[in-house]
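Me: Could you walk me through some helices in this structure?

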Amino acid sequence: MIRFPAPALIGLLAQPLAILPLAAQTPPPAVAPTLPGSGMVQPIPALRPPVPIPPLSAAQEAWANDWLKTGAAQGLMARQKRSGPLHGEALVNAMLDRARALSTGRVDTADFLDIWALRPEPFDPRPGLAKAVTEHGLEQWANRLTPPWAGYETLRQGLARYEAIRDQGGWQPLSAASSPDAVRKRIAMEDPAVTPGESLTDVVQRAQRRYGLNPTGNLDTRTLAALNVSVDDRIAAIMANMERWRWMPRSLPVNRVQVNIAAAVLTLFEGDQPVTSMRAVTGSPDNQTPMLASSIHSIVVNPPWNVPMSIAKRELFPKGRATLIRQGYKIVKTPEGGERIVQPAGPNSALGRLKFDFNNPFAVYLHDTPARGKFSSYDRLASHGCIRLEKPVALAEQMVSADPDLNGQIQNLIDEGKTQRVSLPQNVAVYLLYWTAFANNDGVVSFRNDPYGWDKLLAQKIEASSSRADPTAAPAAASIASKD
């Protein structure tokens, strides 16, 4: 650990529209390798010059200038406020900048937080653009730049819907005294399924599900707060999530685990289809769960908990040695002469009966827990950064089912009571993701709170990156929702 249901499935990665190839160029080695056995240093090969872009025809320049005006529709900040069309090198540079922004994100990875460990793959748009100009295929080239995932495309549709709402004046705040007609009208602005004769309770429940709230049908304080989030803030959330989609790889393993940190939901995919979904408990705002991609390689049955020193100092050592020993903890010496705390395996262990291990620099993992009450809550961001699972045995059984010696044996291994590591028949990819806005195929958007404040921070970074991309641009507006 560290310091730092069907609607829920929509918040995880959607199915791919298509896996589209992108041109890429591998840079030469940055260091000079040594020739084996010679002690001689091999000369560094000469750097290849950038791929030249052929001159654009007048028709291609006209198309490119029109294309550059579509950045707002893709959730990008405006690079500049243009008074006229671009030409020549200025136009080519703008096209390359837009291509990189659409393919791998507007924000450079140098501006990422360390905890945003999910990084886009390197991408050089020059070879693809040069080929497109030569073969008169600019439109086809441009269409291959955006993420090939339904999750991105449905958010793009949702963005258009919310920008239309904003352009029509947005919505007025509601209160507990608002009339049923006012409530119905307000919710209908986001939910086109609302009908005049529909029960107001049903209308409110559907809105609560879209916001990840307890669907009581009552217009309670939390529901009012969600309905009163401004349309500009909703647009900002959509744009931030579209940026995160641009960080995703262009293909994914068909068998994988995905966790939506913000929604605290885990989904297991097999054959690229969701087969198991469960509630999870993810990191609290003070103990954030990182975004990352890795592979689960093994499961520890009946794991002891080696308490991280940060948690031990903050939460356990202050209780006193006698209390800790009485509660079943062990205090052991470290090789450096210090002390650390271990909680032995057992039914009361904080890790429960199963721990799912995957390599990552944050020491996070998936695990069972003896504390089950949080799974019935709609507020499940409460861990120290690791992911607690509602149905860990079912997940483990799915992962080992291909091994005839392990298939159906997880509970038996648990019942043996001894700590043992079980290697998986094959590694299972795992993605920890942060989705606070996701849409269905009709562009109806569901939202979750921004518990870590990453949406607002990302909006600021997109804005700053846009300004750096074009230092001559007029100062950007304060809102991420500004347009080209």
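Reply: Happy to! The expected span of a helix is 1.5 Å times one less than its number of residues. Helices here are DSSP runs (H or I, at least four residues), numbered from the N terminus. This is a predicted model, where local features need pLDDT of at least 70 and side-chain atom pairs count only at pLDDT 80 or more, while totals for chains, interfaces and linings use all residues. Residues are numbered from 1 along each chain as its sequence is written, and side-chain values use heavy atoms, with hydrogens and water left out.

Me: What does H10 reach from its first C-alpha to its last?

Reply: H10 has 17 residues. At 1.5 Å a residue, 24 Å is expected, and the helix comes close to that, reaching 25 Å.

Me: How many residues of H10 are buried?

Reply: Buried means under 20% relative accessible area, with a 1.4 Å probe and protein chains only. H10 is mostly covered, and of its 17 residues the buried ones number 15.

Me: Is H6 roughly parallel or antiparallel to H10?

Reply: Helix H6 (residues 150–167) and helix H10 (residues 231–247) pack at about 160°, with axes 10 Å apart. Axes are lines fitted to C-alpha atoms over the stretch in contact (heavy atoms within 4.5 Å), and angles run from 0 to 180 degrees between N-to-C directions. Angles over 145 degrees count as roughly antiparallel and those under 35 as roughly parallel. Therefore H6 is, relative to H10, roughly antiparallel.

Me: Which residue follows H3?

Reply: Helix H3 covers residues 88–104 and is mostly covered, with 12 of its 17 residues buried. With a positive phi, near 105°, the residue that follows H3 is Gly105.

Terms used:
Helices (H or I, at least four residues) and strands (E, at least two) are DSSP runs, numbered from the N terminus. Angles under 35 degrees count as roughly parallel, over 145 as roughly antiparallel, 65 to 115 as roughly perpendicular and the rest as oblique. Buried means under 20% relative accessible area, exposed over 50%, partly exposed in between (1.4 Å probe, protein chains only).
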